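Here is a briefing on one structure. Look through the sequence and the model first, then work down the topics.

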Amino acid sequence: MFGASSKEFIASNKVMDEIYTTEISDSTNAQDIRSAGASVRAEDNVIWKYVGSNATSMIGNSDSYTHWFFYRYADVLLMKAEALAQIPGRGQQALDLVNVIRKRAGAPASTQESPDVNNSDELSRYILSERAREFAFEGKRWYDVLRYAKKNNYEHISYLQDFVAALVPANMVRLVKEKILDHNSHYFPIYTYELETNKLLIQNPFYQ
């Protein structure tokens, strides 16, 4: 993933086209500071967040070994916003927190939404979109989407289906959507070594 010449792991075109929606060829447009030159190198979709020393220069391969887990202030604010969105009468506070994040990032009007502050689902989806921009390639997206989909006994399973279907070829969309209805598919298999070591463990049925 960190190899300067490797193209095995690159960002999807939708990252710039849909997540950040920045026309970088037009210098008059506002650009989200989290987009081109930060999360991704737009001209060739290289995942830039871990290999870029700045917007244009790449660090040496030997320097890309860190394995950090930490929560930034932005994550804390968006987690709080997600919680507030579920409390009647607190929707505006949730939206205000999202706007704090957007203002800091210089997010353009093209990604601005106007969710009903009294509609928890509209707010939740807007917060999910902002988390996608803020935490691109940080391993949070699947868990964010799954958390929303599972709420109220999988009330929003279709959101998860659409999320996964967008990542596969057109001829596999129907099959993938059906598989996602199996809740066991949302979790990893238990590693073989663990099964061999502890005979009381049972493999995730989806992988049996």
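## Exposed tyrosine and its patch

Tyr71 is exposed, at a relative accessible area of 60%. The model is predicted.

**Surface patch**

- Tyr71 sits in the loop that runs between strand 2 (46-47) and helix 2 (73-84).
- Tyr71, Tyr73, Val76 and Met79 together make a nonpolar surface patch of about 480 Å².

**Aromatic pairs**

- The count of aromatic pairs comes to 3.
- One of them joins Trp142 and Phe163, with 6.2 Å centre to centre and 40 degrees between the planes. This pair is tilted, because planes under 30 degrees apart count as stacked and those over 60 as edge-to-face.
- Trp142 belongs to helix 5 (residues 141-154) and Phe163 to helix 6 (residues 157-165), so their pair ties together parts that are 21 residues apart in sequence.
- Trp142 is partly exposed, with a relative accessible area of 25%. Phe163 is also partly exposed, at 21%.
- Tyr148 and Tyr159 form an edge-to-face pair.
- Tyr148 is buried, with a relative accessible area of 4%. Tyr159 is buried as well, at 16%.

**Charge over a ring**

- Lys140 lies over the face of Phe135. The distance from the ring centre is 5.5 Å.

**Helix 4**

- Helix 4 covers residues 120-134 and has 15 residues.
- From first C-alpha to last, helix 4 reaches 21 Å, close to the 21 Å expected at 1.5 Å a residue.
- Is helix 4 enclosed by the rest of the structure, or open? It is largely enclosed, because 11 of its 15 residues are buried.
- The buried residues of helix 4 include Leu123, Tyr126, Ile127 and Leu128.

- Most residues other than glycine have a negative phi.
- Asn152 has a positive phi of about 55 degrees, although it is not a glycine. Its place is in helix 5.
- Asn152 counts as exposed, at 53% relative accessibility, because the cut-off for exposed is over 50%.
- Asn153 also has a positive phi, near 55 degrees, and is not a glycine either. Asn153 lies in helix 5.
- Asn153 is exposed, with a relative accessible area of 71%.

**Contact across the sequence**

- Which residue is 25 residues from Gln92 in sequence and 5.4 Å from it in space? It is Val117, with the distance taken C-alpha to C-alpha.
- Gln92 is in helix 3 (residues 91-105).
- Gln92 is partly exposed, with a relative accessible area of 39%.

Technical notes. Residues numbered from 1 in each chain as written. Predicted model: local features only at pLDDT ≥ 70, side-chain atom pairs only at ≥ 80, totals over all residues. Heavy atoms only, no water. Phe/Tyr/Trp six-rings, centres within 6.5 Å; stacked < 30°, edge-to-face > 60°. Helix = DSSP H or I, 4+ residues; strand = E, 2+ residues; numbered from the N terminus. Buried < 20%, exposed > 50% of the residue type's maximum accessible area, 1.4 Å probe, protein only. Lys NZ or Arg CZ within 6 Å of the ring centre and 35° of its normal. Patch = residues over 30% accessible without salt bridge, like charges linked within 9 Å, V, L, I, M, F, W, Y side chains within 5 Å. Areas by Shrake-Rupley, 256 points an atom, 1.4 Å probe, with all protein chains shown as cover. Salt bridge = Lys/Arg side-chain N within 4 Å of Asp/Glu carboxyl O. Expected span 1.5 Å × (residues − 1).
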